[in-house]
Structure formats: structure tokens, C-alpha cells
Amino acid sequence: MKEHKKEVECINIIFCDDPYLLSINKSFLGHDYFTDIITFDLSDKTQSLLQAEIYISIDRVKENAALHQSTYQKELHRVLFHGFLHLAGFKDKSKQQKSIMREEENKLLSKYFSSK
């Protein structure tokens, strides 16, 4: 978040299952499908401190790791970084935005796992 000039007050990360995240997706976003992550920026727009909640479906992370022939650990970090990137202002609605988001995720994954 520092690289994107975001000062964090609090980011709550809630790990849940598919049915729970589906109910949030339906209730708050009007989407009737499974997803791996939903990110809510709860910041007071009059202040500069970031407050957020990130919901992650462990079921989706496990399935996506197998689907993409990745480890659970790497897929979980990819999803976490995806949420952080949304909070930093990145979008993923268009094909170009998705490409940029994936590139940024890969940079963060490479940086994180090379430092271990």
C-alpha cells in the first residue's frame, strides 16, 4: 500500500466459504455467482486513512489453485494482493484493466516470494 501512497488505518480480512461470499455478492453487488474475493473500501472520504474489509472464499482459492496449477499459498497471496490493488485504485472491469491488474499481481507475487 505504501508503493501506491495509501496510509492504512485498518484492513479486516475475513476468510469464509462459497455460500457466505455468494450471499454478500448478491446482497451488496447484485451478482448471483461465486467469486474468490470482494473488497469494500470503508474509508471516510474526508480523511486520508484507508479502512477496508476484504472477504475471501477459501473454497474458491482452493479450486482456483488446482485449476491454474498453482499452490494454495500462492493463490491465496494472489487473491490478497488483488484486494489490496483494488484498494490502491486498480480496476478490473475491462480486458485492459484485467491485464494491468494481473501484471501488478504477478509483480507483487514475484517480489513477495523472492524475498522469502
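In β3, Glu-53 is the bridge partner of Phe-40. That pair is a handy way into this predicted model, in which local features need pLDDT of at least 70, side-chain atom pairs count only at pLDDT 80 or more, and totals for chains, interfaces and linings use all residues. Residues are numbered from 1 along each chain as its sequence is written, and side-chain values use heavy atoms, with hydrogens and water left out. Helices (H or I, at least four residues) and strands (E, at least two) are DSSP runs, numbered from the N terminus.

The sheet comes first. Strands count as paired if DSSP finds at least two bridges between them. Three strands make up an open sheet, in the order β1-β3-β2, and the pairing is mixed. At the edges sit β1 (7-16) and β2 (37-41), each of which pairs on one side only. From one strand to the next, the twist averages 15°; for such angles, axes are lines fitted to C-alpha atoms (for helices, over the stretch in contact), and values run from 0 to 180 degrees between N-to-C directions.

Strand β3 (residues 49-57) runs antiparallel to β2, and five bridges join the two. Here Thr-39 stands opposite Ile-54 in β3. With β1, β3 pairs in the parallel sense, over nine bridges. On that side, Val-8 has Leu-50 of β3 as its bridge partner. In general, strands of a sheet pair through backbone hydrogen bonds, either parallel or antiparallel.

Helix α1 (residues 18-29) lies across β1, β2 and β3, and runs at about 45° to β2. Helix α2 (residues 58-67) also packs on the sheet, where it touches β1 and β3, and its direction makes about 65° with that of β3.

What does the nonpolar packing look like? A nonpolar core is a set of buried Ala, Val, Leu, Ile, Met, Phe, Trp, Tyr and Cys residues joined through side-chain atoms within 4.5 Å. Buried means under 20% relative accessible area, exposed means over 50%, and partly exposed is in between (1.4 Å probe, protein chains only). The largest nonpolar core has 10 residues: Ile-37, Leu-50, Ala-52, Ile-54, Ile-56, Val-61, Leu-76, Val-79, Leu-80 and Leu-87. At least two residues of this core come from each of β3 and α3 (72-87). A second, separate core has six residues, among them Leu-21, Ile-24, Phe-40 and Tyr-55. Ala-52, a member of the largest core, is in contact with Cys-10, Ile-11, Asn-12, Phe-40, Asp-41, Leu-42 and Leu-87, leaving aside neighbours within four places in sequence.

The buried residues of α3 are Glu-75, Leu-76, His-77, Arg-78, Val-79, Leu-80, Phe-81, His-82, Gly-83, Leu-85 and Leu-87. They pack against β1, β2, β3, α2 and α4. The expected span of a helix is 1.5 Å times one less than its number of residues. The 16 residues of α3 should therefore span 22 Å, and the end C-alpha atoms are 23 Å apart, which agrees. Just after α3, Gly-89 takes a positive phi of about 110°.

Glu-105 is in helix α4 and counts as buried because its relative accessibility is 1%. Not counting residues up to four places away in sequence, Glu-105 touches Arg-78, Phe-81, His-82 and Leu-85. Lys-107, also placed in α4 (residues 95-114), counts as partly exposed because its relative accessibility is 46%. The Lys-107 side chain makes a polar contact (3.2 Å) with the side chain of Glu-104. A polar contact is a pair of N or O atoms within 3.5 Å; within protein, one must be able to donate a hydrogen and the other to accept it, and residues adjacent in sequence count only if both atoms are side-chain atoms. Lys-107 and Ser-23 are 84 residues apart along the chain, and 32 Å separates their C-alpha atoms.

Lys-5 has a positive phi of about 60° although it is not a glycine. Lys-5 is placed in the segment before β1 and is exposed, with a relative accessible area of 75%. Gln-69, likewise not a glycine, has a positive phi of about 50°. Gln-69 is found in the loop between α2 and α3 and is exposed, at 77% relative accessible area.

Notes
Contact means heavy atoms within 4.5 Å.
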